Each structure stands twice: as C-alpha cells, then as structure tokens.
Amino acid sequence: MGTASKYWLLVRIDSFGNCLTQEVEEAKAFFNHNFPEFVELDKISDREIQSQLMQWFKSDLTRYPMADICLRCFISSQIKEICLELEQKFGRNHQFTSSDILPLVIDSKLPASHSENPSDRLSVTSRILQTFDPNKSNLSTWTLRIVKSDRLLKQFLLEHGIEQVTDWMLLSYTNPGRLKRILSDFDRTPAEINQAIQLLSFYHQIYRDQLFAHRKAGDKSRYPDPTPLQLQKMAEELSKIWVFSAQDVLEKLKNLAQLIRSDRLRSRNQSSRFNSLKESSKNIPLQEEKPNEQSEFLAGYLHHFETCLEQSVQQVIQARFTYLQTKKNCKAQNFIKALHLFHCQGVPMKEIAPQLGLNNQPQVSRLLALKALRSDIGRRMLLCLRTCVLNLAKCYVDPLQLLTLESQVQTILSEEIAAELEKAKKEAHIGHNRVMNNQLSQAICQYLDRRIL
C-alpha cells in the first residue's frame with residue numbers, strides 16, 4: 001500500500017550530486033484523470049495501479065509516455081528508501097551515507113526520449129521497467145532486487161567491506177576443507193574446528209541438499225532462512241556429539257557465515273582474482289529476469305574451482321606416489337616428504353636434499369617434477385571443472401544456449417587454471433623465506449595434512 005503522490009513526485013540527483021524531489025505536473029494530471037478513486041486516499045492499492053500502468057507502458061502507444069513517467073516516479077522513491085536503509089544499516093560502521101550511493105543507482109533526470117542508446121549502460125530504473133512482471137512480483141520488491149544487484153552499487157559496498165550475499169548461500173558453497181582453513185586462520189582450536197565441520201556437514205545434508213533438489217525440480221527459490229524443523233533436525237543430529245538447541249544451531253551457523261564473509265572480503269582485498277572471475281562470467285548468458293544470479297553463479301563457480309582443485313591434487317599426488325612405490329630407495333615416501341617441506345614449510349630444494357639422503361638440488365627437482373605435477377593437476381582440474389560449470393549453468397540458462405557455451409567455458413576455464421598454476425610456478429622460483437599463498441600449494445598442504453607422511 002502507498003500514497004498516490006509517489007506516482008508524480010520524482011526523486012532525482014542534480015548536477016551537484018544533491019537529492020531533489022520534483023513534482024511532475026503532467027504525471028499528476030495523468031494519474032488524477034485515470035485513477036480518480038485513489039487520489040484522496042491515504043492508502044491505495046499499488047499492485048492494481050502498477051498492473052494497469054505496466055499494461056499501458058507495454059502496449060498503449062498513447063498512454064505509454066505518461067505511464068512510463070508515473071512508474072519512474074514511484075521507482076525513484078523506492079530507490080531513495082533503499083539507499084536510506086543501507087545507510088541506516090551499514091553507514092556508520094562503514095563510513096558512508098545515502099548521498100554517496102544514491103547517485104550510483106538513481107537517474108539525474110527523466111530521459112529526454114523514451115529510449116536509450118543501446119551502446120550505453122541502461123540505467124537502473126530502465127532495467128527495472130524492462131524486466132518487471134506485475135503478475136510475478138510487486139514493483140517495490142522488484143526494485144529492491146535490481147538495485148541490490150547493480151554492479152556499481154555492489155562494487156561500492158564491497159570497497160567498504162560489505163558483501164550482499166546471504167549467510168545461507170555462503171554456507172551452502174563452503175566445503176569442509178575451506179572451512180577448516182578459514183577457522184585455522186582465525187585461530188580456532190581443533191575442537192572448535194571439528195565441531196564447526198560437523199555442523200556444516202549436517203547443514204549441507206538437511207538444508208542445502210533439500211534446496212538444491214527443489215531447484216533441480218524447477219523451484220527457483222533463493223536461499224531462505226532454515227525452517228524451525230530443519231534447525232531442529234540439525235540439533236538432533238548434533239546431539240549425538242554435543243547438546244545444542246535449534247536456536248544454538250542458528251546462532252552458530254550465523255557465526256560461521258560471518259567468519260566466511262570476513263575471509264572472503266580479506267581475500268578480495270589481497271587479490272584481484274575475484275574481478276577476473278567476474279569478467280569471465282560475462283560470457284555466460286544468464287537469464288535477464290534474474291539479476292542476482294551472477295552472484296549465485298560466481299559463488300557456485302568458486303566452490304567448484306576449489307573442489308576440483310582439491311580432487312585433482314589428491315588424484316595426481318596419489319597416482320605419483322603409487323608409481324614411485326615400484327621404485328627403490330624409498331622414493332614414494334621421499335616424494336611426499338619433499339612436497340611437504342617445499343610447499344608447506346617453504347624449505348628450499350638444496351636444503352631438502354640432505355634431509356632425504358639425496359646428494360644435491362637437481363635430485364630433489366627430478367623427484368618433485370613440479371612442472372609435470374602442475375600440468376597433470378591442470379588437466380584433471382579442467383575436466384572436472386568443465387563438467388561442474390556446465391551442470392551449474394543448467395540452472396541459469398536455456399538448454400539450447402548450453403550448446404554454444406561449451407567452447408566458451410573451455411576457454412575461460414583454461415585461462416583461469418593457467419593463471420592459478422602460473423602463480424604457483426612463480427612462487428616456486430623464489431629462494432629463501434618463501435610463503436606459499438597460491439591456491440595450488442594450499443590445496444597440496446591440506447591434502448598432505450590429511451594423510452600420514
């Protein structure tokens with residue numbers, strides 16, 4: 001429900017960046033003529049009015065211009081409210097005001113003509129009007145979705161340490177290995193880490209798997225809050241080890257999500273990799289009516305990237321270990337020890353040699369065969385990731401589009417994997433005081449830590 005004046009009062013930004021509210025007389029006269037029964041009411045049916053305005057906007061050439069303006073006026077007031085809410089929620093702690101973000105998402109004026117240059121970036125308001133369906137949503141809700149998914153606004157919020165991704169989405173795309181690394185980085189005890197991994201496992205079994213099954217069946221719901229029944233089931237599973245209530249489970253899940261969020265923001269500040277993934281994802285033609293799906297797709301991509309890397313590392317190292325077991329001189333055990341010393345402890349090859357009873361650095365280099373190791377991991381990873389990404393894309397694109405995606409996906413993934421392996425190669429060539437921060441070395445160390453050296 002709302003007041004009629006929202007359909008003829010336009011919120012805009014002037015040339016100095018100030019927020020102004022302007023009465024559009026033509027829009028007011030148009031509204032009063034076509035909706036006289038709502039003019040004097042304190043509460044009106046926005047759904048009914050918007051449905052009629054959208055009908056004229058799409059199919060009535062005579063009424064289209066004024067219907068467009070009325071809708072733009074309403075949208076402008078909603079955008080202002082969204083920006084004020086973001087300021088109230090985050091502004092004080094993250095040092096910004098609504099005046100900083102409003103110019104990113106609101107128009108400076110009504111368009112001179114009712115068409116925009118196709119080569120220009122569509123304004124937020126125009127994207128809302130082009131994608132809004134009054135039969136599926138109300139205009140307030142749809143405006144909120146489009147505004148919060150806007151690239152410029154999201155980038156601004158990220159630069160101020162704010163990521164608009166739900167806790168439940170973060171937890172759904174976090175695997176136990178990554179959670180263990182994050183909790184270790186935040187100095188959690190082994191007992192706390194074990195408890196968190198158990199909780200995440202039950203969350204995946206009870207919440208995520210059920211949600212993904214519904215989505216495969218055609219339900220495109222986002223990531224809703226876990227239901228009381230789901231939380232109770234998690235508590236019951238955990239009660240076999242620890243005594244938790246459903247409320248305890250909810251609080252612990254939120255705490256885990258906050259740590260994951262902090263780690264993501266810290267990683268994003270340290271690396272530009274997220275931006276490269278973002279650019280790569282532009283080649284995946286997501287459906288226009290679902291503006292938040294790029295964020296979901298990227299989260300899914302990052303999850304599969306890490307999972308495929310971990311699987312490929314395990315497969316390649318195990319295959320190499322099995323092969324070396326057929327050789328003499330304890331080569332298999334020396335290979336595992338050398339990997340751990342080199343990647344996890346930063347020990348140079350010339351210092352590894354005497355620890356393994358070898359004569360010199362070249363012998364260690366031949367034993368590790370890092371170039372071949374990276375190449376084998378890259379090939380396995382590409383096969384794994386290609387399959388995962390194409391399966392992921394099925395949730396977001398028309399089946400016919402998948403036929404044109406395969407070559408694009410192959411190229412994009414090859415470049416991403418090559419970039420990550422190149423980081424590992426460069427770090428491997430550094431001499432003393434090496435700290436292996438690349439994902440390949442981290443995956444190798446996680447795998448080696450799980451097996452007996």
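**Exercise 1.** Which residue lies over the face of Phe-335, and at what distance from the ring centre?

*Solution.* The model examined here is predicted. A charge counts as sitting over a ring if CZ of Arg is within 6 Å of the ring centre and within 35 degrees of the ring normal. The residue over the face of Phe-335 is Arg-320, at 5.7 Å from the ring centre.

**Exercise 2.** Determine how many aromatic pairs the structure holds, and classify the pair formed by Phe-30 and Trp-56.

*Solution.* Step 1: the count of aromatic pairs is eleven. Step 2: for Phe-30 and Trp-56, the centre-to-centre separation is 5.8 Å and the angle between the planes is 80°. Planes over 60 degrees apart count as edge-to-face, so this class applies to planes at 80°. Step 3: the partners come from distant parts of the chain, with Phe-30 in helix H1 (residues 25-34) and Trp-56 in helix H2 (residues 46-59), 26 residues apart. Step 4: the relative accessible area of Phe-30 is 11%, so Phe-30 is buried; Trp-56, at 10%, also counts as buried. Step 5: both rings belong to a cluster linked by ring pairs, which comprises Tyr-7, Trp-8, Phe-30, Phe-31, Phe-35, Trp-56 and Phe-74.

**Exercise 3.** Which residues of helix H9 are buried, and which residue with positive phi follows the helix?

*Solution.* Step 1: within H9 (residues 176-185), the buried residues are Gly-177, Arg-178, Leu-179, Ile-182 and Leu-183. Step 2: an α-helix has 3.6 residues a turn, so residues three or four places apart point the same way. Step 3: after H9 comes Asp-187, with a positive phi near 60°.

**Exercise 4.** Is Leu-302 buried or exposed, and how far is Leu-302 from Tyr-173 in sequence and in space?

*Solution.* Step 1: Leu-302 lies in helix H14 (residues 293-324). Step 2: buried means under 20% relative accessible area; Leu-302 has 18%, so Leu-302 is buried. Step 3: Leu-302 and Tyr-173 are separated by 129 residues in sequence, while their C-alpha atoms are 8.1 Å apart in space.

Conventions
Residues are numbered from 1 along each chain as its sequence is written. This is a predicted model: local features need pLDDT of at least 70, side-chain atom pairs count only at pLDDT 80 or more; totals for chains, interfaces and linings use all residues. Side-chain values use heavy atoms; hydrogens and water are left out. Buried means under 20% relative accessible area, exposed over 50%, partly exposed in between (1.4 Å probe, protein chains only). Helices (H or I, at least four residues) and strands (E, at least two) are DSSP runs, numbered from the N terminus. Rings of Phe, Tyr and Trp (its six-membered ring) pair if their centres lie within 6.5 Å; planes under 30 degrees apart count as stacked, over 60 as edge-to-face and the rest as tilted.
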